[in-house]
Amino acid sequence: MAEITFDGVTKIFGDDIRAVDDLSLHVADGEFMVLVGPSGCGKTTALRMLAGLEDITSGTLSIGGSVVNNVLPKDRDVAMVFQNYALYPHMTVAQNMGFALKVRGLSKAEVAKKVGEAAAILRLTDYLDRRPKALSGGQRQRVAMGRAIVRSPQAFLMDEPLSNLDAQLRVEMRLEIARIQRLLGVATVYVTHDQIEAMTMGDRVAVMRGGKLQQCDTPQDLYDHPRNEFVAGFMGSPPMNLLRGSLESNDSGLALVLGSQRLAVPSNYATSHQLPKVDGPGVVFGVRPEDIEVLEHSGSDSLSTKVERREALGAEILVHLALVDAVGNDAFVVNDSGAVVSRPTTLVAKMGPRSGVSVGDQLQVRLNPDHFHFFDTDSGLSLRRSS
Amino acid sequence: MSTTIPIPATPTFAPKARRMTLKRRRQFAGVVFALPAIALVVCFIGVPIGQAVYYSFTQWNGLTSTWIGPSTWTQAFHNTNLWTALRNNGLLLLSVPFALAIPLGIAVLLHQRVAGWRVFRSIYFLPTAISWVVLGLVAERFFAYQGTLNSIIHALGFSHISTNMLGYQSEALIALGITFVFTMIGTNTMLFLTGLATLDPSLEEAARIDGAGRWRIFRSITLPHLSRFIQLAFVMTVIALFSALFSLIFVMTGGGPGYATTTMEFLIYETGFNQGDFGTAALYGLILFVITGIVGVVQLRLIGSNE
């Protein structure tokens with residue numbers, strides 16, 4: 001078991017395709033680190049460099065304190081679970097799991113013992129004589145896990161191992177992988193594009209975009225304090241509502257101007273955040289869907305909205321709300337195309353399943369003033385002062 | 001006064017007594033669709049085989065045939081040329097492993113994307129696009145006493161060594177075998193390259209991470225994956241060996257010296273068209289057909305394939 005360190009690691013494909021750009025990341029011994037991001041963000045390339053399947057253009061990569069930039073995959077003592085499982089189709093489950101041990105020259109008895117132990121952990125004992133094609137998706141996934149754990153490697157590398165499973169099985173295997181990782185206490189780097197997997201499985205989550213690390217934090221910190229607009233929009237389902245507005249000062253204090261409406265901003269934000277000057281270039285305002293509630297009456301901390309769409313999910317309802325002005329027309333909210341992330345002109349609110357809202361309803365909604373987020377309009381960075 | 005409105009008879013949708021069930025209709029359709037293929041097979045394979053069996057019991061000069069019974073059969077098996085041709089076919093089978101191993105090695109190297117692999121791929125495939133008659137002519141010039149092979153040997157400084165492989169009974173078959181291997185390289189290399197292209201690269205990557213080196217990956221991952229392609233190449237090569245060598249032999253050696261390079265296929269031609277004994281030639285054709293069939297069935301059984 002060992003810690004893993006990326007130190008300024010860069011990968012350039014061809015002449016100028018910068019897949020991973022100056023990645024610095026530390027994975028502690030026994031830690032479950034999730035690399036998450038959209039397609040093409042460089043997360044898989046980073047994992048493949050760690051496995052030794054891709055050369056490193058620059059920077060230093062260490063496993064257990066040893067620099068492994070020029071170490072062959074077979075000598076890195078890491079185990080990898082591939083997206084498509086990469087099970088050897090002509091071998092049985094037992095042979096698949098024991099292949100690495102056999103290559104390392106262990107005796108048949110030792111191989112059988114270790115394979116048996118791993119199979120018991122993964123509940124695969126009854127399937128050891130089967131070929132991969134005779135297994136279900138979940139069983140194949142467990143065999144791929146078994147092939148990794150049977151070696152007792154220094155680190156587990158997992159490249160979207162659940163993406164080929166159906167939704168129900170994915171939830172089961174999510175728990176299973178987390179259980180096994182905790183049981184074995186091996187440093188794990190897990191790549192996914194699914195932010196729910198990232199949030200539920202990782203001790204820490206590293207969000208990547210365009211080859212660059214955006215933020216690495218615990219799931220809750222990522223959710224509560226996104227460092228930039230991208231992280232705010234990527235983490236959470238549905239993601240944070242991001243609207244462009246401007247700040248103004250009036251008799252009752254600071255207010256956020258969204259189209260023709262004004263929303264009171266608690267005074268503590270002036271100290272906890274580096275807010276732009278009043279009547280300045282504006283600000284991107286963020287609020288989570290669960291921080292929006294329906295009010296009976298209007299107030300300074302509420303907005304007038306109209307229900308545009310209603311998505312019933314069973315346990316909750318997602319309500320899409322368009323901001324309206326005082327006479328009920330849709331309000332104009334700046335939606336600058338080509339921005340870091342899309343900034344829609346509607347808010348999405350989570351409501352209880354019994355909420356009797358219908359499309360076309362005019363709703364007065366309150367945004368939880370304790371959980372406002374502000375981002376710079378140009379850089380997209382959070383304006384929150386670091387504590 | 002009441003009127004009675006006649007009620008029309010309720011239409012019935014009971015199936016006709018003779019209407020076929022869906023299963024039987026499907027079976028019938030299957031037979032109908034298979035009929036053209038069956039007719040072609042019967043016309044172009046079944047009938048000629050039947051004719052060959054018939055003519056093997058006749059004395060046939062190509063125009064008129066006279067029934068002579070099984071005497072052709074008893075005489076044929078006392079003919080030493082038949083046994084020589086069968087032995088030559090057997091010895092040429094020894095070239096099959098080379099006709100598989102060399103293309104396999106080339107394909108694996110090309111698959112590694114070595115420098116210039118596209119050019120090499122075209123070069124190796126070239127023999128496939130050239131008529132075997134032309135290849136035979138080139139090979140004949142290569143192995144001739146004043147041919148390319150001796151020029152190369154002399155250029156390497158071994159001027160005291162000269163070969164004439166096609167001129168000696170003991171070496172002509174080897175030259176033929178080498179030429180046959182050369183002609184099969186393109187086809188088999190392409191076949192193996194196709195097989196390698198279907199190999200999931202993540203399997204190799206998984207094996208690398210599992211600690212396997214290049215040889216181990218080839219032996220444990222690549223070769224098992226290619227087994228079906230190797231089976232196919234094996235069957236195609238053996239069939240070519242038994243039934244497609246005629247043009248090479250005709251151009252390179254004419255079956256000689258003596259009968260040193262006469263195979264069953266060439267013996268059929270020799271007996272039929274040079275000696276005008278089509279009845280015996282038909283019998284030899286049947287023997288070749290049976291041998292090819294047995295080899296085909298045995299090799300499929302050996303490699304455990306039912307496809």
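# Getting to know chains A and B

User: How many residues does the contact take from chain B, and how many from chain A?
Analyst: Two residues are in contact if their C-beta atoms, placed from the backbone, lie within 7 Å. This is a predicted model, in which local features need pLDDT of at least 70 and side-chain atom pairs count only at pLDDT 80 or more, while totals for chains, interfaces and linings use all residues. Residues are numbered from 1 along each chain as its sequence is written, with chains lettered from A and ligands numbered from 1 in the order in which they are written. The contact takes 13 residues from chain B and, from chain A, 16 residues.

User: Which element gives the largest share of the side of chain B that touches chain A?
Analyst: Helices (H or I, at least four residues) and strands (E, at least two) are DSSP runs, numbered from the N terminus. Two elements of chain B give two or more residues to this side, α9 (201-209) and α10 (214-243). The largest share, 6 residues, comes from α9(B).

User: How many nonpolar, polar and charged residues are on that side of chain B?
Analyst: Here Ala, Val, Leu, Ile, Met, Phe, Trp, Tyr, Cys and Pro count as nonpolar, Asp, Glu, Lys and Arg as charged, and the others, Gly among them, as polar. By class, the side of chain B that touches chain A has 6 nonpolar, 2 polar and 5 charged residues.

User: What is the radius of gyration of chain B?
Analyst: Chain B has 13 helices and 2 strands, and its C-alpha atoms fill a box of roughly 130 × 70 × 30 Å along the principal axes. The radius of gyration is taken over C-alpha atoms, and the globule rule is 2.2 Å times the number of residues to the power 0.38. A compact globule of 307 residues would come out near 19 Å, but chain B has 29 Å.

User: What share of the residues in chain B is buried?
Analyst: A residue is buried if 20 or more other C-beta atoms lie within 10 Å of its own, exposed if 12 or fewer, and partly exposed in between, with C-beta atoms placed from the backbone. Of the 307 residues in chain B, the buried ones make up 29%.

User: Why is helix α2 of chain A largely enclosed, and what covers its buried residues?
Analyst: Helix α2 (residues 93-103) of chain A has 8 buried residues out of 11, so it is largely enclosed by the rest of the structure. Among the buried ones are Val93(A), Met97(A), Phe99(A) and Leu101(A). What covers them includes two elements of chain A, α3 (108-121) and α4 (137-149).

User: How far apart are the C-alpha centres of the two domains of chain A?
Analyst: Domain bounds come from an automatic or database domain assignment, which divides chain A into domain 1 (4-234) and domain 2 (241-375). In chain A, 5 residues of domain 1 are in contact with 7 residues of domain 2. The C-alpha centres of these domains lie apart by 39 Å.

User: Which element gives the largest share of the largest nonpolar core?
Analyst: A nonpolar core is a set of buried Ala, Val, Leu, Ile, Met, Phe, Trp, Tyr and Cys residues joined through C-beta atoms within 7 Å. The largest one has 110 residues, and Val34(A) and Leu157(A) are among those with the most contacts inside it. The largest share of this core, 6 residues, comes from α2(A).

User: What is the bridge partner of Val9(A) in β2(A)?
Analyst: Two strands pair if DSSP finds at least two bridges between them. In chain A, 7 bridges join strands β1 (residues 4-13) and β2 (residues 17-27), which run antiparallel. This hairpin has 3 residues between the strands, and Gly14(A) takes a positive phi near 65° there. Across from Val9(A), the bridge partner in β2(A) is Leu23(A).

User: Is Asp22(A) buried or partly exposed?
Analyst: Asp22(A) lies in strand β2 of chain A and has a positive phi of about 55° although it is not a glycine. With 15 C-beta neighbours inside 10 Å, Asp22(A) counts as partly exposed.

User: Where is Ser152(A), and how many C-beta neighbours does Ser152(A) have inside 10 Å?
Analyst: Ser152(A) is not a glycine, yet its phi is positive, about 50°. Its place is in the loop between α4 and β7 (155-159) of chain A. Ser152(A) counts as partly exposed because its C-beta neighbours inside 10 Å number 14.

User: Which residues does a cis peptide bond join?
Analyst: The place to look is the loop between α8 (229-234) and β11 (241-250) of chain A, where Pro238(A) sits. With omega about -5°, the cis peptide bond joins Ser237(A) and Pro238(A).
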